[in-house]
Each structure stands twice: as structure tokens, then as C-alpha cells.
Amino acid sequence: FGSYLLGDDDRELVLSIVRAGRKAVSIPIFVKIRLLDTVDKTIALCEQLRDAGASLIAVHARYRASFERNGAGARDGPALLDQ
């Protein structure tokens with residue numbers, strides 16, 4: 001359920017976790033996210049994670065978990081690689 005932390009309400013928490021990890025260890029910090037509602041929002045999150053200290057960001061090409069989302073890109077649906 002980590003994708004629930006990708007909402008705006010938890011953004012500072014996620015970034016503080018990455019910052020703390022970067023400060024605590026000397027190895028690279030890798031993060032994995034899902035798509036947000038738009039490409040621009042996903043890119044903005046990636047930039048924030050990079051600035052917080054992430055060395056590598058993997059984007060799982062499905063939308064973040066939502067019990068309301070149906071159809072293509074739903075939490076159990078197919079990846080949206082054609083966007």
C-alpha cells in the first residue's frame with residue numbers, strides 16, 4: 001500500500017524519508033513509484049525525489065492504488081506503456 005503515500009498530503013513525509021535515508025547511508029537510494037494522474041505530476045514527483053537524494057527512480061507504469069479507479073491502468077489492470 002506504499003502507493004497511497006504518493007498523494008499530495010504525504011509528499012513531505014515521503015521526501016523526508018528519502019532525505020533521512022540519504023543522510024544515514026553511503027549507498028545509493030533507490031525509489032519506486034507508480035504513475036500519478038498526469039505525466040507532469042509524475043515528472044514533478046521524480047524531480048522532488050531526485051532533489052531529496054534519490055539516486056535512481058523506477059516508475060511502475062500503472063496508476064497509484066485507488067479503489068475508485070477502474071479500467072486501463074487500474075491498480076490491478078494493465079500497464080499504460082502507450083502514453
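## Helices, strands and the start of the chain

Helices (H or I, at least four residues) and strands (E, at least two) are DSSP runs, counted from the N terminus. The model described here is predicted. Helix 1 covers residues 11–24. Leu-5 sits in the segment before helix 1.

Strand 1 spans residues 30–35, and strand 2 spans residues 56–63.

How do strand 1 and strand 2 run, and how many bridges join them? The two strands run parallel, and six bridges join them. Some partners can be named. Phe-30 has Leu-56 of strand 2 as its bridge partner. Arg-34 stands opposite His-60, also of strand 2.

## Thr-42 in helix 2

Thr-42 belongs to helix 2. Is Thr-42 buried or exposed? Thr-42 is buried, because its relative accessibility is 8%, and buried means under 20%.

Thr-42 also has contacts beyond its sequence neighbours. With residues up to four places away in sequence left out, Thr-42 touches Ile-33, Leu-35 and Leu-36.

## Lys-23 in helix 1

Lys-23 is part of helix 1. Lys-23 counts as exposed, because its relative accessibility is 78%, and exposed means over 50%.

Sequence and space give two separations for Lys-23 and Gly-53. Along the sequence, Lys-23 and Gly-53 are 30 residues apart. From C-alpha to C-alpha, Lys-23 and Gly-53 are 8.6 Å apart in space.

## Salt bridges

Side chains of opposite charge can pair when their charged atoms come close. How many salt bridges does a search of the whole structure find? The search finds three.

One joins the side chains of Arg-11 and Asp-8, at 3.8 Å from N to O. That separation counts because the cut-off for a salt bridge is within 4 Å. The two partners differ in cover. Arg-11 is buried, with 13% relative accessible area, whereas Asp-8 is exposed, at 64%.

Another links Arg-19 to Glu-12, whose closest N and O atoms are 2.8 Å apart. Arg-19 counts as partly exposed at 37% relative accessibility. Glu-12 counts as partly exposed at 48%. A further salt bridge brings together the side chains of Arg-50 and Asp-51, at 3.0 Å from N to O. Asp-51 is exposed, with a relative accessible area of 61%.

Methods. Residues are numbered from 1 along each chain as its sequence is written. This is a predicted model: local features need pLDDT of at least 70, side-chain atom pairs count only at pLDDT 80 or more; totals for chains, interfaces and linings use all residues. Side-chain values use heavy atoms; hydrogens and water are left out. Buried means under 20% relative accessible area, exposed over 50%, partly exposed in between (1.4 Å probe, protein chains only). Two strands pair if DSSP finds at least two bridges between them. Contact means heavy atoms within 4.5 Å.
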